[in-house]
Amino acid sequence: MDAVVRTGASALARRLGDWRRTGGSDYVALAVAIRGLIRDGRLALGVRLPAERLLAAELAVSRTTVTAAYRLLRDQGYLRSRRGSGSDTALPEGQRLSTSGLWAPDDEALIDLGCAAPPPPVELAAAARQAAEELAGYASSHGYYPAGLPELRSAIADRFTERGVPTGPAEILVTSGAQQGLDLVLRLLTAPGERILVESPSYPNALTALAAARLRADPIPVTDDGWDLEPVLPALTAGRYRVAYLIPDFHNPTGAVLPEPQRAALIAAAYRGGGLLVADETFAELALTGRPMPPPMAALDRHRRVITVGGMSKSHWGGLRVGWIRATPALIQRLAAVRAGVDMGGAVLDQLAARALLARAGTILPARREMLRAQLDALVGAVREHLPGARFRVPAGGLCLWVELAEPVASALATAAEAYGVRLAPGPRFGAEGTFERYLRLPFARPANELVEAVRRIAAARADLDALRPGRPATPAVVA
Ligand SMILES: Cc1ncc(COP(=O)(O)O)c(C=O)c1O
């Protein structure tokens, strides 16, 4: 069997979109565009590119252009070729991919806006010390808890109950982050080739998980005005989907909140069609305005159609790697069996620290929200001042500002911003097929002064792009 992962010529052409936008000669523009896809994670590493002849035909350029572009990429370390066996995507030596899948230069002055994740609260140190002391209590245990440490399952269940979703510990599986929660649900409930409903745009690593499960994603359009469910509800009601994946609370990246009537409509459609809704509540605890939130999806769910995944990464710290799944006890048992085959369970020490932090949530969460409110204000002010023409809606919570640019230049801008020491997540990272070129996701997880400086640098990079309109030669700042 051929184990090589390939991308076809038409799929690559779709992802490349308007690849001539950086200007300069065609072969350089093509190389820059392919390099951009590799560096922002839309083309995975080790993927075989289409034969030169096929890509040339698809892009309506000469084969020489593609040959020269591939040669340039090879010289720069972005392609590896063995004679007669094609060209595979790669990263130059010494460069690495960051946790978010985005390319991360080793540069201390870099302001990283690729990741929507805040640093830990000061209470982390005390929680870790407490966990280390409590660990002695497990001296006679084998330490394997595929469904999670019982005390932490209870603490998470209690938090759901406080939020209006009565829950017992048997309905909770502790996972290694919400990301593993989604992965386990997909492993258990979907089959390769199946169709799944997913918001468009959506969280890139969720899209990666869907792709890894070999699912075909059908979009639920989301703008900062909200969800367009009109085409979706009849298909869900008709039983065309077994699973839909949703981020109802401060959706990543738009920041939108799914209104209660639409929550209820989705649940009713899933019930009629026999489908399940995976509600990712990663940002649910980060309401910043005091405006009332719609009830959690699970609170509206009389027929157990909702599986909730969530975690502590945004409310507390991503480095804990603690998340959860809430589902029926029977489903939790099946998920725990799947989980045992993946990693046997999470680390006891980490789970004890997570429990110690949850016990301090009453002080941690208000402080987090206050910090994020101030950072959001600073970011909004800076975007208004330095990026005139950019449009956005100020989110009521979460961590992301979804900014619409006046022109479809997000990928080029992300590349140009690197030269100014800012790492950006351009809109196409959040869509399946290279759409959202007008959008940037700007998280407000960093301190206010960094955010303001980052926006200033983005504005400078934007000015560079204007100076590089097609027809003018590309300077090394962008092409290098
Ligand atoms: C919507 C969404 N789900 C899941 C995750 C991953 O969270 P965790 O760190 O809990 O795995 C993120 C992280 O950004 C996210 O935005």
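How many aromatic pairs does the structure hold? Four: the structure holds 4 aromatic pairs. Rings of Phe, Tyr and Trp, the last by its six-membered ring, pair if their centres lie within 6.5 Å; planes under 30 degrees apart count as stacked, over 60 as edge-to-face, the rest as tilted. Take tryptophan 402 and phenylalanine 430. They form an edge-to-face pair, 5.6 Å centre to centre, with 75 degrees between the planes. Tryptophan 402 lies in strand β16 (residues 400-404) and phenylalanine 430 in the loop between β18 (425-426) and β19 (439-443), so the pair ties together parts 28 residues apart in sequence. Helices (H or I, at least four residues) and strands (E, at least two) are DSSP runs, numbered from the N terminus.

Ground rules now. This is a predicted model: local features need pLDDT of at least 70, side-chain atom pairs count only at pLDDT 80 or more, and totals for chains, interfaces and linings use all residues. Residues are numbered from 1 along each chain as its sequence is written, and side-chain values use heavy atoms, with hydrogens and water left out.

Next, polar contacts: pairs of N or O atoms within 3.5 Å. A polar backbone atom of alanine 178 is 2.7 Å from a ligand oxygen. A polar side-chain atom of asparagine 252 lies 2.8 Å from a ligand oxygen. For threonine 282, a polar side-chain atom lies 3.2 Å from a ligand nitrogen. Taken alone, the ligand exposes 400 Å², and the protein buries 93% of that. Those areas are Shrake-Rupley, with a 1.4 Å probe.

Last, the backbone. Most residues other than glycine have a negative phi, and most peptide bonds are trans. Now the exceptions. Asparagine 252 again: its peptide bond to proline 253 is cis, with omega near 15 degrees. Proline 253 is in the loop between β12 (243-246) and α10 (260-273). The bond from serine 200 to proline 201 is also cis, with omega near 10 degrees. Arginine 304 has a positive phi, near 55 degrees.

How values were computed
Polar contact = N/O pair within 3.5 Å; in protein donor to acceptor, adjacent residues only side chain to side chain.
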